[in-house]
Amino acid sequence: MTPIGVLGAGSLVADGLLPRLRDRGPVVTLSRRDDPGRAPSEPVPDWVSLAPIWGVPELFGRLEAHGVRHIVALSSTSVLTKASAGDPGEQAVAARLAAGEQRLIAWAEPRGIAWTILRPTLIWGHGRDGNVSRIAAIVRRVGAFPVLGEAAGRRQPIHADDVATACLAALAAPAAAGHVYAITGGETLRYRDMVERVFAALGRTPRIVSVPLPLIRAGIALARWLPGGADLTPGMAERMNRDLVFDASPAANDFGFAGRRVAAPPR
């Protein structure tokens with residue numbers, strides 16, 4: 001059986017993807033840390049990239065050496081939501097995502113390589129995401145969670161395993177080639193509701209405290225000095241009241257994607 005290649009095999013989504021691929025046949029993994037002189041043992045035409053899309057261009061030559069003919073790559077809806085952020089760092093993230101997408105397309109199309117880009121929304125699952133798990137960590141340490149205002153901005157959290165399913169479905173669907181898709185969870189809920197479910201998962205009574213923006217800014221400035229807090233920004237709080245909602249119907253139509261609801265409290 002022809003192997004399938006994976007970039008970013010250490011990522012959160014890989015936890016759900018790699019076991020499924022190994023059930024189907026051989027898997028080849030590739031990363032920037034590998035020996036660039038390692039010769040491919042056989043052609044690997046189909047690839048799934050879970051790595052940050054801005055780093056994929058560094059591997060274009062090695063993908064070509066493996067005989068790549070088809071690639072499904074993850075980006076993020078942050079390419080849109082952070083483009084107009086007030087924080088320069090978040091704007092830079094959006095710019096890197098956009099540049100990575102553009103470079104992938106510009107590389108693939110002249111070479112006749114089929115490509116699909118998937119933009120998942122807020123990813124959760126397996127206890128090591130940077131979204132729900134971060135909320136849970138604060139709840140455990142503090143026993144409460146601060147929000148800006150009503151924290152009524154709508155979200156569509158998508159489970160990491162559903163992202164993995166979308167990658168496989170897009171790889172198998174000819175209609176998905178040459179397109180960019182938003183993929184979302186199957187439920188839209190307020191940011192506050194999402195926090196309440198984390199409290200429930202931890203067996204705690206929700207204690208959600210509305211905090212004014214200046215105080216949140218000060219708290220984030222302090223938290224950035226703590227382990228794991230370097231990527232915290234005021235924009236994260238400001239977006240609590242913004243709707244970050246996307247249309248996943250093209251993905252449903254073209255390759256049958258359907259994200260799960262957050263039916264049980266995320267753990």
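Let's start with strand β2 (residues 27-30), which has Val-28 and Leu-30 on a covered face and Val-27 and Thr-29 on an uncovered one. Strands and helices here are DSSP runs (E, at least two residues, for strands; H or I, at least four, for helices), numbered from the N terminus. The model is a predicted one, so local features need pLDDT of at least 70 and side-chain atom pairs count only at pLDDT 80 or more, while totals for chains, interfaces and linings use all residues. Residues are numbered from 1 along each chain as its sequence is written, and side-chain values use heavy atoms, with hydrogens and water left out.

Strand β1 (residues 4-7) runs parallel to β2, and four bridges join them; two strands pair if DSSP finds at least two bridges between them. To get from β1 to β2 the chain passes through helix α1 (residues 14-24), making a right-handed β-α-β crossover. Right-handed here means that, with the strands pointing away from the viewer, the path from the first strand over the helix to the second runs clockwise.

## Helix α7 and what covers it

Which residues of helix α7 (residues 191-201) are buried? They are Tyr-191, Arg-192, Met-194, Val-195, Val-198, Phe-199 and Ala-201. Buried means under 20% relative accessible area, exposed means over 50%, and partly exposed is in between (1.4 Å probe, protein chains only). As a bit of background, an α-helix has 3.6 residues a turn, so residues three or four places apart point the same way.

The cover over those buried α7 residues includes α5 (132-142), β7 (145-148), β8 (154-155), β11 (189-190) and β12 (208-211). After α7 comes Gly-203, with a positive phi near 70°.

## Salt bridges

Side chains of opposite charge can pair when their charged atoms come close. For a salt bridge, a side-chain nitrogen of Lys or Arg has to be within 4 Å of a carboxyl oxygen of Asp or Glu. Across the whole structure, a search turns up eight of them. One of these joins Glu-64 and Arg-111, with 3.2 Å between the closest N and O atoms. Glu-64 is in helix α2 (residues 60-65) and Arg-111 is in the loop between α4 (88-108) and β5 (114-120), so this pair ties together parts 47 residues apart in sequence. Glu-64 is partly exposed at 37% relative accessible area, and Arg-111 is partly exposed at 40%.

Arg-239 and Glu-90 also meet in a salt bridge, at 2.6 Å from N to O. This one links distant parts of the chain, 149 residues apart: Arg-239 is in the loop between α9 (234-238) and α10 (249-255), and Glu-90 is in helix α4. Both residues are buried. Elsewhere, Asp-193 pairs with Arg-190 at 3.0 Å between the closest N and O atoms, and Arg-190 is partly exposed at 32%. Glu-187, Arg-197 and Arg-261 are linked in a network of salt bridges.

## Aromatic rings

How many aromatic pairs does the structure hold? There are two. Rings of Phe, Tyr and Trp (its six-membered ring) pair if their centres lie within 6.5 Å; planes under 30 degrees apart count as stacked, over 60 as edge-to-face and the rest as tilted. Phe-60 and Trp-107 have ring centres 4.1 Å apart and planes at 5°, so they are stacked. Phe-60 is in helix α2 and Trp-107 in helix α4, so the pair ties together parts 47 residues apart in sequence. Both Phe-60 and Trp-107 are buried.

Tyr-181 and Phe-255 make an edge-to-face pair, 5.0 Å centre to centre with 85° between the planes. Tyr-181 belongs to strand β10 (residues 179-183) and Phe-255 to helix α10, so parts 74 residues apart in sequence are tied together. Tyr-181 is buried at 3% relative accessible area, and Phe-255 counts as buried at 10%.

A charge also meets a ring: the charged end of Arg-96 sits over the ring of Trp-54, 4.2 Å from its centre. That label requires NZ of Lys or CZ of Arg to be within 6 Å of the ring centre and within 35 degrees of the ring normal.

## Two buried residues

Thr-81 lies in helix α3 (residues 78-81) and is buried at 8% relative accessible area. Leaving aside neighbours within four places in sequence, Thr-81 is in contact (heavy atoms within 4.5 Å) with Arg-242, Leu-244 and Phe-246.

Ala-151 sits in the loop between β7 and β8. Its phi is positive, near 50°, in a residue other than glycine, and at 0% relative accessibility Ala-151 counts as buried.
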